[in-house]
Amino acid sequence: MTGTTKTQRDEAVDGRSSRWESHRARRRTELVEATLRAIRARGAGVGMDDIASSAGTSKTVFYRHFTDRAGLYSAVAERVNRIILRDITKAVGDLSAFSGSASQRSTEPRALLGAAVDAYLSLVETDPEVYRFIVAAPLVPPSERTETIDLASTVSRAMGVQIGALIAVTLAGAGRSTEPAETWGHAVVGMVRAAGDEWLRSGAATSGTSRATLNEHLTELIWGGLSSAWPTEPATPDKE
C-alpha cells in the first residue's frame, strides 16, 4: 500500500483549516444578525445577556468569536457599514452617469446628491435603534474602548468616501483639481450626520419634519456650496 505523502497530508490539513474558517465566518455572521435582531427588539442599550438569548446561545460563545464586547460592536458596525455602502452605491449608481459635459450627463448631480443623503437618512428613520447603537455604542463600556473603535464615524466614513468620489469625478470633468474632493465628501457627511442626529433626537418623522423635507433642506444647502464645482455649458450667445 502506498503511504500518504507529505503533500497529501498538508492538503488535508489545509482543507480542514479552510472548512473551519468557513464555519467560523458563517457563525460570526449568524451571531451578528442575532445581535441586530436583539437591538431592534430591545433597543440600542441591549445587554449581552439579551443578545445571547436572542441568538439562542451563551455569552461565552460570543466572546469565543469576538473576544469581547468591543469586538462584537466592531463586527456589527462593519455589517451596518456594508448596508449603507450598498444603499449609497445603489443611489449614486455608475459615476460615469454624471461625468462629462452637461449634454452628456444622464443624471443630474443634484438629484444624485439628494439620493445619497436620503440613503443615510433612511437608516436613521427605518432602523433608529441600530443607528443609535452604532453612533453611541452603549454596549461597550469606557474601560473597554480602544482607539480602534471610532464611535463618531464608523458608518459615516463610508458615505464620505462615496460622496468624495462623486465630487472628484465631477471636478475632473470640469478640469479642476480633485484635491479637495475627499475633504468635501467628509464635510458633507458630517453636516448630514449632525442634522440626522438632531432630527432623530427630536422624534424623526414625528418631529413635524418629514425625511423628504429634511433631505430637501440638506440637499439645497449642500448643492448651494458645491454647484460651482460642477461643469456647466458656456452660455450660448443670443442670435440676432
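## Confidence of the model

The chain has a mean pLDDT of 80, and 75% of its residues reach 70 or more; pLDDT is the predictor's confidence in each residue, from 0 to 100. This is a predicted model, in which local features need pLDDT of at least 70 and side-chain atom pairs count only at pLDDT 80 or more, while totals for chains, interfaces and linings use all residues. Residues are numbered from 1 along each chain as its sequence is written, and side-chain values use heavy atoms, with hydrogens and water left out.

In the chain, confidence is highest in helix H3, at a mean of 95, and lowest in helix H7 (residues 156–173), at 78. Helices (H or I, at least four residues) and strands (E, at least two) are DSSP runs, numbered from the N terminus. Over residues 101–106 the pLDDT is below 50, and this stretch has 9 contacts in the model beyond near neighbours in sequence. A contact means heavy atoms within 4.5 Å.

Helix H3 covers residues 59–66, and its buried residues include Val 61, Phe 62, His 65 and Phe 66. These residues span an arc of only 110° around the axis, so they are on the same side of H3. The arc is that of the directions from the helix axis to the C-beta atoms. On the other side of H3, Thr 60 and Arg 64 are exposed. Buried means under 20% relative accessible area, exposed over 50%, and partly exposed in between (1.4 Å probe, protein chains only).

After H3 comes Thr 67, whose phi is positive, near 75°.

## An aromatic pair

A search of the whole structure finds 3 aromatic pairs. One of them joins Tyr 120 and Tyr 131 in an edge-to-face arrangement, with 5.9 Å centre to centre and 85° between the planes. Tyr 120 lies in helix H5 (residues 109–126) and Tyr 131 in helix H6 (residues 128–136), so the pair ties together parts that are 11 residues apart in sequence. Rings of Phe, Tyr and Trp (its six-membered ring) pair if their centres lie within 6.5 Å; planes under 30 degrees apart count as stacked, over 60 as edge-to-face and the rest as tilted.

Tyr 120 is buried, at a relative accessible area of 1%, and Tyr 131 is buried as well, at 3%.

Gly 185 belongs to helix H8 (residues 181–201) and is buried, with 0% relative accessibility. Not counting residues up to four places away in sequence, Gly 185 touches Gly 160, Ile 163, Gly 164 and Ile 167. Gly 185 and Arg 157 are 28 residues apart in sequence, and their C-alpha atoms are 9.2 Å apart in space.

Leu 226 is in helix H9 (residues 211–226) and is buried at 8% relative accessible area. Apart from neighbours within four places in sequence, Leu 226 is in contact with Leu 113, Ile 167, Trp 184 and Val 188. Between Leu 226 and Ile 167 there are 8.5 Å from C-alpha to C-alpha, although the two are 59 residues apart in sequence. Asn 215 also lies in H9 and is buried, at 12% relative accessibility. With neighbours within four places left aside, Asn 215 is in contact with Gly 114, Val 117, Asp 118 and Leu 121.

## Positive phi in two loops

Ala 137 is not a glycine, yet has a positive phi of about 50°. Ala 137 sits in the loop between H6 and H7 and is buried, at 0% relative accessible area. Ala 204, not a glycine either, has a positive phi of about 55°. Ala 204 is in the loop between H8 and H9 and counts as buried at 10% relative accessibility.
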